[in-house]
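Dear colleague,

Please find below the structure that I am handing over to you, together with its sequence.

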Amino acid sequence: MKHLHNIVLGLSLLLAPPATAEEGAVFAPLSLAEQGEQDFLATREALMTQLAEVSAPEDPARAEVLLGLAELHLAWMMRPEAAGFLEALDGETLSGDAARRHRTLSLALALLDGGAGSDLGQAVSWSVGWGQGQALRAAAFVRLGAVAEAARLMPRTLESLADLSPAIQAAVLPDLLEAALEAEDWEVAQALAAQFPDHAELRDGPAYRYLLARASEVSGDLLMAFDGYAQAAQGRDAYAQRARLALVRMGRETETLPGQDALSLLKTAGWMWSGDALGREGAQLLAEVAAEQGDTDTALWALHNLLRTAPEEEAEALRAQARAIYGAFYAAGAAGEIDLGPFLEGHTRISARWRFDPGFVGHAMAVPQRLLDTGMTALAAREYRALREMAQTLERGGATAPDASLMARLRRGEARALLAGGQADAAVDLLSGYADDQGAEAEALLVEALAQAGRSDELAALRLRAQDMDLRRSRAVALYETGKWGAARQAYLEMWEAHPQQFAFADATRLTLAAYQAGDSATVARAATAFPALADLPGWAEIATGLGARPAEEGPLGSDVMRLSMESADRILDAVTKVTDVKESQ
């Protein structure tokens with residue numbers, strides 16, 4: 001923002017009118033010092049009486065009285081009232097001394113403006129050459145952030161202060177002293193500081209204490225600066241707020257202020273001052289310190305308040321800062337660094353303000369995963385579903401860009417929670433129609449869900465896109481265990497063909513049994529030839545009697561042989577597993 005002020009100021013100075021040789025040709029001499037010493041009520045009453053006696057609006061006497069009232073109220077720093085009297089006159093219809101006086105009073109009012117917008121920059125440019133207003137110009141430069149320009153005017157500033165009323169002097173002295181301190185013009189700074197006790201509103205006030213502390217800090221006396229800032233911070237004006245921020249800034253730079261003390265001070269500052277640039281600076285500092293101290297709630301509260309009034313060019317940076325803070329909270333919760341109760345409570349508070357932030361859902365997935373790890377399957381599934389529905393709503397509303405990867409992760413997480421909770425049918429319904437586009441993990445979950453739900457027909461009809469061996473094996477085993485012999489035989493054959501090096505003894509055994517039940521003696525013979533070690537397994541001779549070659553004329557498999565095969569299958573597979581483990585260990 002400071003750079004913007006400088007740009008505005010530079011443009012205004014380029015457009016400034018040329019200074020004339022005689023000040024009187026452009027500016028009218030004002031009697032602000034005299035007006036400030038008079039009895040305000042008596043003088044105002046006299047002028048109002050004169051105004052009432054003037055009947056014609058075009059009467060020059062009326063303009064004279066209104067200008068006198070404007071000057072009187074300006075001298076006593078009643079700026080809205082002074083502006084009202086000036087607005088009662090049409091500056092375009094005035095001429096001569098009245099026009100110059102109207103223009104000069106309007107310029108003085110503009111230079112005393114507390115803001116730092118384009119009007120103030122224009123007033124600075126149009127006041128070039130106004131000797132009586134040098135102090136006003138210098139103070140305006142300070143409010144614009146152009147301290148170097150203010151410092152350049154310092155020699156004449158001290159002289160022009162005498163032309164101002166006490167009320168106006170009290171209004172500009174803090175700005176002028178600040179400029180002198182920043183320029184390290186100690187002689188001028190000392191002269192300005194000596195005038196503070198002459199004004200009751202400045203004497204020992206926050207502005208005086210703050211600026212003396214600032215002088216101590218600039219000169220290197222940090223202990224005196226800290227004490228001065230602490231005294232100034234007891235006030236309630238803008239300088240008291242600046243003192244609080246200075247305490248925190250200096251304490252962090254010198255590592256002399258504990259983090260919790262800085263946090264408490266900034267919380268107090270946030271409640272005592274807000275709504276302007278100083279309030280925003282305090283809120284930003286509060287967010288940083290709170291995040292450092294692990295106070296996630298306070299940090300996010302401060303950033304949320306900043307976002308309410310932040311311009312668009314600043315808003316994204318604030319959102320990114322908030323994202324990093326609540327992202328760290330969810331990461332700590334996922335790692336078990338936060339107990340489950342506080343983790344869920346924190347999640348509730350964060351979601352109240354940040355659930356519509358584009359990064360929220362991705363980070364908040366840590367909550368249902370933590371619930372699932374803890375065994376709270378129903379709660380985990382419900383939380384996954386809530387996050388998925390929220391993400392879908394944000395996408396439909398255009399608040400976030402479509403994120404297929406995020407939606408897939410949410411769907412898989414919900415499916416895992418449903419399966420862990422024994423809700424296989426619900427998991428099938430969730431994944432059906434989506435697993436094909438979500439990779440091997442989703443297909444594996446669908447296979448598991450179909451197997452758990454006993455939906456063997458759908459499992460047999462399922463065609464996997466992924467070429468993963470483990471996924472193929474999961475489907476084949478599920479088909480085998482549900483008694484879909486033909487589909488199981490086909491699944492094992494496809495697996496054997498696609499991954500011959502990974503086709504294990506257990507796979508060959510199930511293939512043999514499935515082929516036997518399906519009446520495929522050729523596959524039985526092929527498996528026995530490819531895996532001769534099967535003959536060495538305990539129990540193989542028993543089942544080989546039923547699986548061995550038999551005369552073709554014997555016809556279909558007898559029920560006794562089939563029952564023998566089924567009863568032997570589990571013993572054989574157990575033996576295969578044990579032998580495989582022994583061989584791998586050797």
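The term pLDDT denotes the predictor's confidence in each residue, on a scale from 0 to 100. It applies here because the model is a predicted one. The mean pLDDT of the protein is 82, and 82% of its residues reach 70 or more. Among the helices, confidence is at its highest in α22 (residues 366-374), with a mean of 95, and at its lowest in α1 (residues 2-14), with a mean of 42. The pLDDT is below 50 over residues 1-24, a stretch that has 28 contacts in the model beyond near neighbours in sequence. Residues 580-586 also stay under 50, and for them the model has three contacts beyond four places in sequence. I would ask you to keep both stretches in mind when viewing the model.

As to the overall architecture, the secondary structure consists of 33 helices and zero strands. The protein has 586 residues, of which 45% count as buried. Its exposed surface comes to about 28900 Å², and carbon and sulfur atoms supply 53% of that area. Of the contacts in the protein with a separation of 6 or more, 60% are between residues 24 or more positions apart.

One helix pair deserves a description. Two packed helices are described by the angle between their axes and the distance between the axes. For helix α5 (residues 79-87) and helix α6 (residues 96-111), the axes come within 11 Å and cross at roughly 150 degrees. Because angles over 145 degrees count as roughly antiparallel, α5 is roughly antiparallel to α6. The crossing of α5 past α6 is left-handed. On the α5 side, the contact is made by R79, A82, A83 and L86; on the α6 side, H102, L105, S106 and L109 take part.

Is A207 buried or exposed? Its relative accessibility is 6%, so A207 counts as buried, the cut-off for that class being under 20%. Which residues does A207 contact, leaving aside its neighbours within four places in sequence? They are P174, D237 and Y239. As a further point of reference, A207 and F196 are 11 residues apart in sequence, and their C-alpha atoms are 9.4 Å apart in space.

Yours sincerely

How values were computed:
Residues numbered from 1 in each chain as written. Predicted model: local features only at pLDDT ≥ 70, side-chain atom pairs only at ≥ 80, totals over all residues. Heavy atoms only, no water. Helix = DSSP H or I, 4+ residues; strand = E, 2+ residues; numbered from the N terminus. Buried < 20%, exposed > 50% of the residue type's maximum accessible area, 1.4 Å probe, protein only. Contact = heavy atoms within 4.5 Å. Areas by Shrake-Rupley, 256 points an atom, 1.4 Å probe, with all protein chains shown as cover. Axes fitted to C-alpha atoms, helices over the stretch in contact; angles between N-to-C directions. Parallel < 35°, antiparallel > 145°, perpendicular 65-115°, else oblique. Left-handed = near helix turned anticlockwise from the far one by under 90°.
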